[in-house]
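Here is a short report on one protein chain. Look at the structure first, then read on.

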Amino acid sequence: MSHLSILTFKYNLAKLRFKPSRPAGRLLSARDRQQSDLMMYKPDEEEMAKVFDKIAGEPGRISRSDLQALLQRFEKADAAGEARRMVCAADSNKDGYMDLEEFMEVHRNGVQLGDIRRAFFVFDRDRDGRITAEEVMDVLRRLGDSCSLEDCRKMVKEIDRNHDGFVDMDDFMAMMTRPRKRM
């Protein structure tokens, strides 16, 4: 038997011994997938423009102080240095600000899985792996939005696929990576 035939035989034998760890036909969850922080997800451009407008202190541009204020609201260590680095990295026309085009260019190739995970933990303040309506309300207030607890519960309910009353990492990943409905 040739070397290649032995390898083929071992491969086929291994396939026969393999028993799937999940029922056939069940969709893969984040726990089933091999995760890599290098996986990229394409952001929705309309949503990104809304994020830009939310951050920008002046219409059409984000300053270092805008980013610093945002980072400080989320208790980021060295908010001033981080804001400076963010603007420097994105400011291709070197005017000291980040305009919408520069902001979009940063995200043009997609968002890494690790960034989505970090965004999850911005909401999951108590680090229990679940986002509550109260945590959503807290983050929205930090962003300057006022939203009732009832409205936040509706948001959580809309995202919560397993109907446990919380947004877990699987729910969050599905929300962040699904195509948006156009109205």
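## A covered helix

The model is predicted. Helix α7 spans residues 133–142. It is mostly covered, with 7 of its 10 residues buried.

Which residues of α7 are buried? They are A133, E135, V136, M137, V139, L140 and R142. After α7 comes G144, and the phi of G144 is positive, near 95°.

T132 sits in the loop between β5 and α7. Is T132 buried or exposed? Its relative accessibility is 14%, so T132 counts as buried, the cut-off being under 20%.

What does T132 touch, once neighbours within four places in sequence are left aside? The contacts of T132 are V156 and F166.

## The whole chain

Look at the stretch 111–146. Over these residues the chain is 58% helix and 11% strand. The C-alpha atoms at the ends of this stretch are 27 Å apart.

## Aromatic rings

A pair of aromatic rings is described by two values: the distance of the centres and the angle of the planes. How many aromatic pairs are there in this structure? The count comes to 4. One of them joins F120 and F172. Their ring centres are 5.4 Å apart and their planes stand at 75°, so this pair is edge-to-face. F120 belongs to helix α6, while F172 belongs to helix α9 (residues 169–177). The pair therefore ties together parts that are 52 residues apart in sequence. Both F120 and F172 are buried.

F172 also pairs with F123. Here the ring centres are 6.2 Å apart and the planes are at 55°, so the pair is tilted. This pair links distant parts of the chain too, with F123 in helix α6 and F172 in helix α9, 49 residues apart. F172 has a relative accessible area of 4%, so F172 is buried. F120, F121, F123 and F172 form one aromatic cluster.

## Positive phi in two loops

Two residues deserve a look here. D78 has a positive phi of about 50°, although D78 is not a glycine. Where is D78? It lies in the loop between α3 and α4 (79–90). The relative accessible area of D78 is 48%, so D78 is partly exposed.

H163 is not a glycine either, yet its phi is positive, about 60°. H163 is found in the loop between α8 and β6 (167–168). Is H163 buried or exposed? Its relative accessibility is 68%, so H163 counts as exposed, the cut-off being over 50%.

## One cavity

How many cavities of 30 Å³ or more does the structure hold? It holds 1. The largest cavity contains about 40 Å³ of space. Two elements each give two or more residues to its lining: α2 (45–55) and α5 (100–107).

Which residues line this largest cavity? They are K42, P43, E45, M48, M104, H107 and R108. By type, the lining divides into 3 nonpolar, 1 polar and 3 charged residues.

Technical notes: Residues are numbered from 1 along each chain as its sequence is written. This is a predicted model: local features need pLDDT of at least 70, side-chain atom pairs count only at pLDDT 80 or more; totals for chains, interfaces and linings use all residues. Side-chain values use heavy atoms; hydrogens and water are left out. Helices (H or I, at least four residues) and strands (E, at least two) are DSSP runs, numbered from the N terminus. On a 1 Å grid over the protein atoms alone, a cavity is a set of points where a 1.4 Å probe fits but cannot get out, and a pocket is an open set with protein on both sides within 12 Å along at least five of seven lines; lining residues have an atom within 4 Å of a point. Grid points are joined across faces, edges and corners, and a volume is the space filled by probe spheres set on the points. Ala, Val, Leu, Ile, Met, Phe, Trp, Tyr, Cys and Pro count as nonpolar, Asp, Glu, Lys and Arg as charged, and the others, Gly among them, as polar. Buried means under 20% relative accessible area, exposed over 50%, partly exposed in between (1.4 Å probe, protein chains only). Contact means heavy atoms within 4.5 Å. Rings of Phe, Tyr and Trp (its six-membered ring) pair if their centres lie within 6.5 Å; planes under 30 degrees apart count as stacked, over 60 as edge-to-face and the rest as tilted.
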